[in-house]
Amino acid sequence: MSILLEKHFERSLATWTIEFSAPEYRGAEVQIWLFEDVDARRSAEMRLAQAGVTARFRSAYKPLVHFFLEEVDLTELIAAHVRYPVHGSAPPNRFTLEAYPLAGMLGNATLQFQAGEDDLHYIVELEYTGQRSSRHRVFAPNRIAIDLLGEPSLSPTGWVRVLANNSAGSLALDEARVSDYEQVFAAATHTVSNYAWGHTEPYFERLLIRADITGIERAIGCGDEVLSTFEALHEDFYFSMLEFFQRYSGRPMGDRGLQPGQIVPDIRRSGGDSIYLRVSTEVFAAVPAEVSPGDDPALACSLVDVKAALPPDAIALLMEQFQGQRLTALSRQGRTVDCVYHAGPGPAVLISGGQHANETSGVVGALRAAQILAKRENAHFALIASENPDGYALHRELCAIHPRHMHHAARYSAMGDDIAYREHPPLLEREVRDRALALSGANLHVNLHGYPAHEWTRPLSGYLPRGFELWTIPKGFFLVLRYHSGWKNMALALLEKVTAQ
C-alpha cells in the first residue's frame, strides 16, 4: 500500500455546537444546516438549549424532503403547493428533482410545483382538513463550488444563521460554512488531482478512498428510497475521480475506454466525533483459487424465487446445467469468465448479463432467458451470465458494508473501463463476447442491465449525476435498442413486438 493522504477532521456538529454554547450566544436563536442524521442533530439542539440557546439543526442534504419528514404533520394534510428555486447556475429542474420522492410520501394529499425565484428558498403552502393552512420558507443551503473539471456547480453546503439576542431581531450571522462532509471530499479530490500519475494507463491497480464519516442513512418508507449521505459520497467520489482521469488522459468526458485502474470509495459510518480519510494505491490481492461448485443443493435454487444477487458459485453451477460448447477467458484479476454456446437450427442470439457488475439483476435475467430458450427444439444461443467477475466481486465486497447502496465503483472492470468499449489487447473479459458472436453468428445481442431502484445523487458536484442526469430517478422496466445502419425497420418491428407482448 502507498498512502497518498491520511488525515483526521473535526466533526462540524461538535465544533459548531461548542462555538454557539459560548456565553455571548445565550438568548440567541441559531439555525444550522449540515450533513448529519436527525438523532445527532436533536442531541446538539438539546446541548445548546442547556446553554440558553434556541437551536434548530437541519439537513443540508435534501432539505425539502427532510422538512416534510421532520416538521410537517402529514396525518390531516390535503394539499401541498411548493414554489421551488430556479438558479442560473443549475438546471431548471434541479430543485424539483431534489424534492424526490415527496409526491410518494404524501399519501392522498395532492402536490403541486411552481417555478420560483433564485434565492434558494422553497415556499411551501400546506392545506389541512378543517380549513387550516400554513405557509413556510424552507432554505436550501447551496454554494457555487469549482469542481475537478474547473466547472462551477451549485452544491449543497453547511450553513449557519444566528438571530441576534436583542429586540431588533436582526441576523447577526448568515453564512455558508464548509462542513466536515465537504472537507473530506475536497481533501481527497485535491490529493488525487495533484498527484504525479505518470502517462501510461492504468495509473494504478486499485485507488482506495477510505472515509469514516458521520451522516444520514434513513429509510423513508417510499419504494426503496433510503436517504444516504454515505452512498452519495461514494457516488461523488467515484465519478469525480473518473472524470478527473478522463481529463488527465486527454480523453473526452464520458469516454468509457479509459483504463485508470480500479477506483474504490469505501465509505463507512464513524463512531463518535472521529472523521477519518485515507487515500492510497494498492496492488490487487490474490484471488482465491476457484473451486468447482459441485452439486450443492443450496446453490441449485429456482431462479423464479431469487430475490437478491446470486453468489458466484451459484452462477457457475447454473451455467454448468446448460449443454453446449464452453468458452472461457480470464479477467484482469484472474477470475474466469464463462460462456456456453448452445448450437441449434434456429436464429442465434447472444445473451449476457453483468457487463456493469453492480447491476446484478441482469445476471439473473440472462440465466432465466437461457433456461427458457434451452427448452425449445430450435434453440440457438450463446450465454455469458456474468461478464465482469472482478466488478461482481467488488460489488459483493462493498455490499458487505452497505447492502442497499448502488456501488457504482463496481460498474466497470478492474482495469477501470467498460468492457464493451475496450479498445486494444489484452481483451481479457471482452474476448469471450467477441468469440461468442463469431462462433454463433448472432445478429441479436440481448444485453441485460439493471438500473437503480432508488435515487442517484452527487451532492458535492451539483447534486445531479453529471452525464447520467436521465438516471437520477428510478425508471422501472424499459428497453433500449441499438441497431446497425440499414436495420432501422427491423429494429422498430422487433421493439414494437416485444413491447406489445
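1. Q131 is found in the loop between β6 (121-128) and β7 (133-139), where helices (H or I, at least four residues) and strands (E, at least two) are DSSP runs numbered from the N terminus. The residue has a positive phi of about 60° although it is not a glycine, and at 79% relative accessibility Q131 counts as exposed, the cut-offs being under 20% relative accessible area for buried, over 50% for exposed and partly exposed in between (1.4 Å probe, protein chains only).

2. This is a predicted model, in which local features need pLDDT of at least 70 and side-chain atom pairs count only at pLDDT 80 or more, while totals for chains, interfaces and linings use all residues. Residues are numbered from 1 along each chain as its sequence is written, and side-chain values use heavy atoms, with hydrogens and water left out.

3. L428, in the loop between α10 and α11, also has a positive phi, near 50°, without being a glycine, but L428 is buried, with a relative accessible area of 18%. The loop between α10 (389-399) and α11 (429-440) also holds P426, and the peptide bond from P425 to P426 is cis, with omega near 0°. A further cis peptide bond runs from Y100 to P101, with omega near 5°; P101 is placed in the loop between α4 (94-97) and α5 (102-105).

4. Helix α6 (residues 180-193) packs against α7 at an angle of about 20°, with the axes 11 Å apart, the axes being lines fitted to C-alpha atoms over the stretch in contact and the angles running from 0 to 180 degrees between N-to-C directions. That makes α6 roughly parallel to α7, a term that covers angles under 35 degrees. Among the residues that meet across this pair are V192 of α6 and F245 of α7, contact meaning heavy atoms within 4.5 Å.

5. A379 lies in the loop between α9 (361-374) and β20 (381-384) and, at 6% relative accessibility, counts as buried. Leaving aside neighbours within four places in sequence, A379 is in contact with H342, A343, G344, L373 and A374; A343 is 36 residues away in sequence and 7.2 Å away in space, C-alpha to C-alpha.

Technical notes:
Angles under 35 degrees count as roughly parallel, over 145 as roughly antiparallel, 65 to 115 as roughly perpendicular and the rest as oblique.
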